[in-house]
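Subject: Structure for you to look at

Hello,

Here is the structure I said I would pass on. Please open it first, then read the notes below it.

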Amino acid sequence: MTDSNEDRPGPIRVMVVDDHPMWRDAVARDLDQAGFDVVATAGDGEQAVRRAKAAAPDVLVLDLNLPAKPGVQVCKELVAANPALRVLVLSASGEHADVLEAVKSGATGYLLKSASTEELLDAVRRTAVGDPVFTPGLAGLVLGEYRRLASEPAPATTDTDRPKAPQLTERETEVLRLVAKGLSYKQIAERLVISHRTVQNHVQNTLGKLQLHNRVELVRYAIERGLDDE
């Protein structure tokens, strides 16, 4: 399961993980009716890890508060096993600590359960192509935390420990700078007068060169280098 989600034909494959059966079934039904391929559901953390590895979803819609294994641990394990997996947390909690912990574990986005069905469907679509999606107000929190981390002194390394900086093309650097400013793929495409697909390709190439897993990590990388201020 190493191919990118963007290259897989057919509907977006989604798995829903929540310990409340009525909520889980309702979300799965809404996704199915909207044309998504709901490949699996799960009601606890252990079951989620096992079924996700078998079902190979493109997007995991994940609650954090799960029995058997917490959602953050589920996210961490599954993203480590398959870096192409996109995780959208759908939680009742808007606590800053929960949001930051989810993102650090590999989640691409974080949506509150108070979101409308249309907001959820849009969030899953955007998550599938790598856009970081957050309930309004939470994106600023995550970027603020990354800026704080980026301002901390880096651990001392010797020249032999320091990897050689990857060479990005001028256009890749330009796209990375706009990613760091929080623009969506569509906005970047309009700004640079290129196609949405071309933006995706540049982002995927940059992720590969920098050995990063998702766009959230890419934003942090760019902020660490001050690209968001240029």
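In the notes on residue classes, Ala, Val, Leu, Ile, Met, Phe, Trp, Tyr, Cys and Pro count as nonpolar, Asp, Glu, Lys and Arg as charged, and the others, Gly among them, as polar. Keep in mind that this is a predicted model.

Cavity. By the rule used, there is one cavity of 30 Å³ or more, and the largest cavity holds about 30 Å³ of space. Its lining is made up of Val16, Val17, Asp18, Trp23, Val27, Val61, Asp63, Leu90 and Lys113. Sorted by class, the lining residues of the largest cavity are six nonpolar, no polar and three charged. Strand S1 (13-17) and helix H1 (21-33) each give at least two residues to this lining.

Helix pair. Two packed helices are described by the angle between their axes and the distance between the axes. For helix H8 (residues 185-192) and helix H9 (residues 196-210), the axes come within 8 Å and cross at roughly 105 degrees. H8 is therefore roughly perpendicular to H9. On the H8 side the contact involves Tyr185, Lys186, Ile188 and Ala189, and on the H9 side His196, Val199, Gln200 and Val203. By class, that contact has five nonpolar, two polar and one charged residues.

Salt bridges. The structure has eight salt bridges. One of them joins the side chains of Lys69 and Glu46, at 3.7 Å from N to O. Lys69 is in the loop between strand S3 (59-62) and helix H3 (71-81), and Glu46 is in helix H2 (residues 45-55), so this pair ties together parts 23 residues apart in sequence.

Regards

How values were computed: Residues numbered from 1 in each chain as written. Predicted model: local features only at pLDDT ≥ 70, side-chain atom pairs only at ≥ 80, totals over all residues. Heavy atoms only, no water. Axes fitted to C-alpha atoms, helices over the stretch in contact; angles between N-to-C directions. Helix = DSSP H or I, 4+ residues; strand = E, 2+ residues; numbered from the N terminus. Parallel < 35°, antiparallel > 145°, perpendicular 65-115°, else oblique. Contact = heavy atoms within 4.5 Å. 1 Å grid on protein atoms, 1.4 Å probe; cavity = no way out; pocket = protein on both sides within 12 Å on 5 of 7 lines; lining within 4 Å. Points joined across faces, edges and corners; volume = space filled by probe spheres on them. Salt bridge = Lys/Arg side-chain N within 4 Å of Asp/Glu carboxyl O.
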